[in-house]
There are 2 protein chains.
Amino acid sequence: MQRRRKLGRGVAIVGAGMSKFGMFKDKDSRDLFVEAYNEMLSSVDKGVDPRDIDALYLGNFTNDFFMHQGHWGPIISDLIGLAPKPATRTEGACASSALSFREGIFAIASGFYDMVLVAGVEEMSKCTTEEVTEGLSLALDEAYEGKVGFTFPGVFAATATAYMEKYKGATPDHLKMVSIKSHNNARFNPKAQFNASVRDIMNSRVERAKKKGQPVPTWRDEMDFLHDLSVNPMVAWPLQVFDCCPISDGGSCMLLVAEEIAKNFTNNPIYVIGIGQGSGRALHTKDDLTYFEATRYAAKEAYESSGLTPKDIQFSEVHDCFSIAEVIHTEDLGFFKPGEGYKAVEEGLTRLDGPMPINTSGGLKCKGHPVGATGLAQLYEVWQQLRGEAGERRVPKKDLRIGAAHNLGGTGGTCSFNILERR
Amino acid sequence: MQRRRKLGRGVAIVGAGMSKFGMFKDKDSRDLFVEAYNEMLSSVDKGVDPRDIDALYLGNFTNDFFMHQGHWGPIISDLIGLAPKPATRTEGACASSALSFREGIFAIASGFYDMVLVAGVEEMSKCTTEEVTEGLSLALDEAYEGKVGFTFPGVFAATATAYMEKYKGATPDHLKMVSIKSHNNARFNPKAQFNASVRDIMNSRVERAKKKGQPVPTWRDEMDFLHDLSVNPMVAWPLQVFDCCPISDGGSCMLLVAEEIAKNFTNNPIYVIGIGQGSGRALHTKDDLTYFEATRYAAKEAYESSGLTPKDIQFSEVHDCFSIAEVIHTEDLGFFKPGEGYKAVEEGLTRLDGPMPINTSGGLKCKGHPVGATGLAQLYEVWQQLRGEAGERRVPKKDLRIGAAHNLGGTGGTCSFNILERR
């Protein structure tokens with residue numbers, strides 16, 4: 001019935017940048033954006049005149065609440081001298097900048113513009129953990145989820161419990177394997193908030209104890225280390241600290257142009273070949289917590305618009321706000337069958353050198369999760385991988401050509417899934 | 001140098017709805033949206049199956065702050081059974097839903113979608129005036145405007161002062177003439193928050209005094225009435241209460257489709273023929289407060305994309321958050337020369353029966369200004385006028401064919417200007 005959804009005009013990425021992610025008391029949203037923007041400009045190897053940028057889309061989620069500042073579009077457009085050209089903020093909770101990416105694509109594909117800057121920024125670490133928890137709860141449905149007491153760790157703990165109840169083989173150890181795998185990747189990501197493996201962290205604790213003359217811990221391996229509640233406290237059963245992404249500050253951006261002019265800016269553009277977005281219903285309407293309908297819909301749209309299937313995706317960034325989210329989303333995206341995501345982790349299929357590398361950047365868990373900047377930071381990782389610029393964390397496949405990025409907002413309210421290609 | 005910006009695929013409006021605007025303690029954002037949505041559905045005279053809607057864009061500005069609820073896209077998509085289809089929130093302060101309108105247009109013009117719902121909603125009256133003032137200040141640039149103590153009445157009072165300083169003939173009475181004219185139009189708008197003329201209001205005060213046996217006021221005319229500080233108190237010189245839009249709740253929406261299928265839904269679609277958006281810099285960078293660069297840029301884009309000039313626009317809704325804003329914007333949009341907007345009001349050119357009717361709906365001043373709903377509510381007025389459905393406030397021109405709507409966010413940070421046509 002439904003005609004195949006496709007763009008009337010192709011869109012390519014010709015530049016990308018990302019600030020270092022972390023907790024920076026001395027940087028505000030403007031600083032974080034500029035750090036990403038300057039890298040983006042220098043990544044356009046044939047050069048670009050910023051005066052040719054037609055418009056800006058900016059993803060931001062919580063600055064109204066945390067910083068008493070909404071209306072970020074014109075602030076950033078003013079900052080980089082883009083004004084009086086248009087600047088639009090998109091907000092889809094933790095998927096805010098993936099939505100900016102999409103609107104930038106539509107604006108070019110519509111024929112109206114040729115070059116659009118898309119960006120995301122978020123500044124969170126100046127707030128207390130309690131304030132962050134309250135601010136992020138703006139992404140919940142206040143009437144149906146917030147008022148019954150849910151916070152995000154609680155929602156994803158319930159999700160993990162439901163998953164383990166449905167798929168009896170799945171255990172909290174599988175969630176820890178996700179974290180160990182992601183930390184192994186983040187070790188090679190200099191911009192990650194935690195660029196160390198779990199073994200590195202474990203060893204540093206041993207060294208510290210030795211230096212201080214304290215009793216030296218005798219953890220057998222990473223899993224043993226993560227079982228130790230004194231180093232990995234419980235947050236909401238079965239989620240421990242290492243199952244949860246941190247509070248982060250960061251900025252990210254990309255320069256999009258019409259496909260036909262992409263080679264004017266770089267010999268190595270990355271093409272947008274599939275776009276997908278979905279929305280999800282509040283938790284009280286769900287019959288089953290072990291899948292995300294928004295992700296499934298976004299995946300369907302992206303696969304249909306690209307003409308690809310999950311088998312064609314060679315690696316992907318997947319929204320791992322909590323370890324369980326990565327497991328479930330790899331199923332919803334069709335990389336693994338329902339109930340087999342946890343086995344894939346156990347078998348090492350999602351490792352950097354596995355057949356389906358997931359979160360080569362370290363994911364939200366290790367790279368950090370400045371919520372409004374995350375969507376484009378995921379796409380930045382795919383861009384770096386496809387351009388062969390991911391350094392030691394490069395996916396070791398012979399013909400790396402197609403990668404994807406999946407971004408979630410709220411308890412599943414918004415999902416974006418986009419597929420990129422190197423030609 | 002710049003190629004002419006135009007859409008690769010035409011877009012038409014086939015349905016529109018607007019809730020009554022006002023202060024409704026018993027209605028929340030969901031209720032206000034549904035009121036607009038139901039009217040929109042019934043306005044599609046050949047019928048539409050809501051299951052054919054491909055996506056939603058929703059404008060909202062302050063609900064994060066006022067209602068502790070962000071991430072409105074999926075909430076509304078859930079409410080009307082659109083989920084799991086995509087839903088995106090746009091935020092550009094008081095221009096939030098005009099941005100949704102634009103993104104809906106791009107999504108269709110890109111070829112990706114055929115039918116998109118665009119909407120706006122805002123719920124403000126449950127807050128105190130102090131809370132509303134603080135919430136709306138999220139639209140200011142906090143670093144450069146907020147921290148020096150500006151609020152919106154202050155910004156526009158400074159704007160009015162600068163205008164009267166530059167154009168010596170302009171006086172506070174000209175601002176009152178804007179309000180008198182808008183109230184005359186709002187008298188015929190049953191959905192307006194204040195659907196009464198200033199004379200009606202004046203007469204009702206006289207009647208009330210008589211009934212209560214109080215001394216009967218002896219105002220000579222509307223202007224005399226508005227000079228009386230006991231009924232029209234000073235807010236920020238030269239702006240009095242009747243120069244300021246009220247605090248309002250409301251919802252608005254439109255159904256957009258690809259031009260080639262518009263006649264499947266109605267014999268009387270309204271076509272989008274020009275779109276424009278601009279952004280503006282913070283006040284401290286301005287050399288002159290008497291124009292809005294965002295408006296001028298948006299106008300340039302809309303005229304260029306439509307191939308029209310200001311002379312072709314037969315009537316327009318213009319963002320009159322304060323009376324001075326309407327005067328200046330009618331200049332920035334090219335309807336009158338700089339410094340002649342106030343004369344146009346004095347000469348009655350902007351009256352309903354004048355050559356260039358402005359704010360036939362009553363404008364923000366009288367219709368109300370639920371900020372996130374305003375942009376689409378302005379377009380709703382243009383839709384009603386062009387379809388001949390504006391009742392007693394119909395613009396009395398022989399061949400009413402082209403109207404426009406202008407929406408501003410912040411101190412001039414975001415501007416949207418769109419031109420519609422009946423064919």
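Through which surface do the copies meet, the same one or different ones? Let me come to that in a moment.

Some ground rules. This is a predicted model: local features need pLDDT of at least 70, side-chain atom pairs count only at pLDDT 80 or more, and totals for chains, interfaces and linings use all residues. Residues are numbered from 1 along each chain as its sequence is written, while chains are lettered from A and ligands numbered from 1 in the order in which they are written.

Back to the opening question. 100% of the interface residues of chain A are also interface residues in chain B, so the copies meet through the same surface. Contact here has a cut-off: two residues touch if their C-beta atoms, placed from the backbone, lie within 7 Å. The contact takes 54 residues from chain A and 54 residues from chain B. On the chain A side, several elements each supply at least two residues, among them helix 2 (63–67), helix 3 (72–79), strand 3 (87–91) and helix 4 (96–109). Helices (H or I, at least four residues) and strands (E, at least two) are DSSP runs, numbered from the N terminus.

What is that side made of? The chain A residues that touch chain B divide into 21 nonpolar, 20 polar and 13 charged. For those classes, Ala, Val, Leu, Ile, Met, Phe, Trp, Tyr, Cys and Pro count as nonpolar, Asp, Glu, Lys and Arg as charged, and the others, Gly among them, as polar.

Strand 3 of chain A and strand 3 (residues 87–91) of chain B run antiparallel, joined by 3 bridges. Pairing requires that DSSP finds at least two bridges between two strands. Within this pair, Arg89(A) stands opposite Glu91(B).

Next, chain A as a whole. Chain A has 15 helices and 11 strands. Its C-alpha atoms fill a box of roughly 60 × 55 × 50 Å, taken along the principal axes. With 423 residues, a compact globule would have a radius of gyration near 22 Å, and chain A, at 20 Å, agrees. That radius is taken over C-alpha atoms, and the globule rule is 2.2 Å times the number of residues to the power 0.38. Of the 423 residues of chain A, 62% count as buried. Buried means 20 or more other C-beta atoms within 10 Å of a residue's own, exposed means 12 or fewer, and partly exposed is in between, with C-beta atoms placed from the backbone. Take contacts in chain A between residues at least 6 apart in sequence: 76% join residues at least 24 apart.

How many residues of strand 1 (residues 11–18) of chain B are buried? The count is 8 of its 8. Strand 1 pairs with strand 7 (residues 250–258) of chain B, antiparallel, over 7 bridges. There, Met18(B) has Ser252(B) as its bridge partner. Strand 1 also pairs with strand 8 (residues 270–279) of chain B, again in the antiparallel sense, over 3 bridges. Ala12(B) partners Tyr271(B) in that strand.

Before strand 1 of chain B comes the segment that holds Lys6(B). Lys6(B) is partly exposed, with 17 other C-beta atoms within 10 Å. Leaving out residues up to four places away in sequence, Lys6(B) touches Gly111(A), Phe112(A) and Ser305(B).

Helix 3 (residues 72–79) of chain B is mostly covered, with 7 of its 8 residues buried. Trp72(B), Ile75(B) and Ile76(B) are among them. Just after this helix, Gly81(B) takes a positive phi of about 75°.

Last, helix 7 (residues 152–166) of chain B. Its 15 residues reach 21 Å from first C-alpha to last, close to the 21 Å expected at 1.5 Å a residue. The expected span is 1.5 Å times one less than the number of residues. The buried residues of helix 7 include Phe152(B), Phe156(B) and Tyr163(B). Their cover includes helix 5 (129–136), helix 8 (172–186) and helix 12 (323–332) of chain B.
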